[in-house]
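Visitor: I have a structure here that I'd like to go through with you, piece by piece. Could you take my questions as they come?

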Amino acid sequence: MKKVIVMGASSGMGQALATLLYKDGWKVGVAARRIEEMEQWKLAQQQLKSSTTAMDGQDNERILTAQIDVCAPEAPQAMLDLIHRMGGIDLYIHASGIGRQNPELQEDIELNTVETNGVGFTRMIGTIYRYMAVNGGGQIAVISSIAGVKGLGAAPAYSATKALQNTYVQALEQLANNKNLKIRFTDLRPGFVDTALLKGGDYPMMMNAQMVARHMLKAIYRKRHVCIIDWKWRILVSLWHCLPRCVWRHFRLVK
């Protein structure tokens, strides 16, 4: 049985991916700060499963939960404990992250975003990389964003930390190849997705979370290196790359 851990599975894209993977027969470990939401999700999945098919003892143990805050110094050990309970790991999905528009550049918003999306991200990805390096490899998938392509004035720390994630994954991919490690990386870059993260904002080309999750899972299964979701955003991002800095500084993506 394949084993996956989804970090940031209490809501949003992380929970959507965990649901699809559970339906596909994976043993799923879910981790986040909010343990209550994950326990409710676990119960709902098991009830749905039992209402459609007979569940055996092994199926009852296919979902494990752990309360992990990526910003906490003890997060790496908590993650390793979860891996031990899982009996190993084949796939790690990092869906943990925060982001808000911050046109007034409030300090707490910027610093919290850097702490979660930058420091917390590096902490957890490093933990998984080091584990896989000495335990036969695996796949690391990261939900970053198209926001990492260019600096977005409406959300400076968010776009900067997503650029960090894009570059960090690329660097680790090179490092793993140089060391002949069997670790694969998938950088998932969605546009705006209709989740609680973007609640209350005015965003163009908003995408349905379930559709995005299906696209992400397909990219993970195909072991894509980078996947921009979906085709409309792929075209737009290609155009962004062509815009010179003197034009981009006057560009407005969100209100």
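Predicted model: local features only at pLDDT ≥ 70, side-chain atom pairs only at ≥ 80, totals over all residues.

Visitor: Is Asn180 buried or exposed?

Guide: Asn180 is exposed, with a relative accessible area of 69%; here buried means under 20% relative accessible area, exposed over 50%, and partly exposed in between, computed with a 1.4 Å probe on protein chains only.

Visitor: And where else is there a positive phi on a residue that is not a glycine?

Guide: Lys223 has one, of about 55°, and is found in the loop between helix 7 (209-221) and strand 7. Lys223 is partly exposed, with a relative accessible area of 37%.

Visitor: Back to helix 6: what span should its 23 residues have?

Guide: Helix 6 covers residues 156-178 and should span 33 Å at 1.5 Å a residue, and its end C-alpha atoms are 33 Å apart, which agrees. The expected span is 1.5 Å times one less than the number of residues.

Visitor: Which residues of helix 6 are buried, and what covers them?

Guide: The buried residues include Ala157, Tyr158, Thr161, Gln165, Val169, Leu172 and Ala176. Their cover includes helix 5 (107-134), strand 5 (138-143) and strand 6 (183-190).

Visitor: Changing topic, how many aromatic pairs are there?

Guide: The count comes to seven aromatic pairs, where rings of Phe, Tyr and Trp (its six-membered ring) pair if their centres lie within 6.5 Å, and planes under 30 degrees apart count as stacked, over 60 as edge-to-face and the rest as tilted. In one of them the rings of Trp240 and Trp248 have centres 5.4 Å apart and planes at 65°, so that pair is edge-to-face. The rings of Trp248 and Phe251 have centres 4.9 Å apart and planes at 15°, so this pair is stacked.

Visitor: Which cluster do those rings belong to?

Guide: Phe192, Trp233, Trp240, Trp248 and Phe251 form one aromatic cluster.

Visitor: What lies over the face of Trp248?

Guide: Lys150 does, at 5.5 Å from the ring centre; a charge sits over a ring if NZ of Lys or CZ of Arg is within 6 Å of the ring centre and within 35 degrees of the ring normal.

Visitor: Okay, how many salt bridges are there?

Guide: There are two salt bridges, each being a side-chain nitrogen of Lys or Arg within 4 Å of a carboxyl oxygen of Asp or Glu. Arg189 and Asp187 meet in one, at 3.0 Å from N to O, and there Arg189 counts as buried at 16% relative accessibility, as does Asp187 at 2%. Lys232 forms a salt bridge with Asp230, with the closest N and O atoms 2.9 Å apart; Lys232 is partly exposed at 30%, whereas Asp230 is buried at 7%.

Visitor: What kind of peptide bond joins Ile229 and Asp230?

Guide: A cis peptide bond joins Ile229 and Asp230, with omega about 5°, and Asp230 is found in the loop between strand 7 (226-229) and helix 8 (231-242).

Visitor: Last one: which residues touch the most other members of the largest nonpolar core?

Guide: Leu21, Val28 and Ile93 do, in a core of 46 residues; a nonpolar core is a set of buried Ala, Val, Leu, Ile, Met, Phe, Trp, Tyr and Cys residues joined through side-chain atoms within 4.5 Å. Apart from it lies another core, of 27 residues, among them Val70, Ala75, Met79 and Tyr129.

How values were computed: Residues numbered from 1 in each chain as written. Heavy atoms only, no water. Helix = DSSP H or I, 4+ residues; strand = E, 2+ residues; numbered from the N terminus. Contact = heavy atoms within 4.5 Å.
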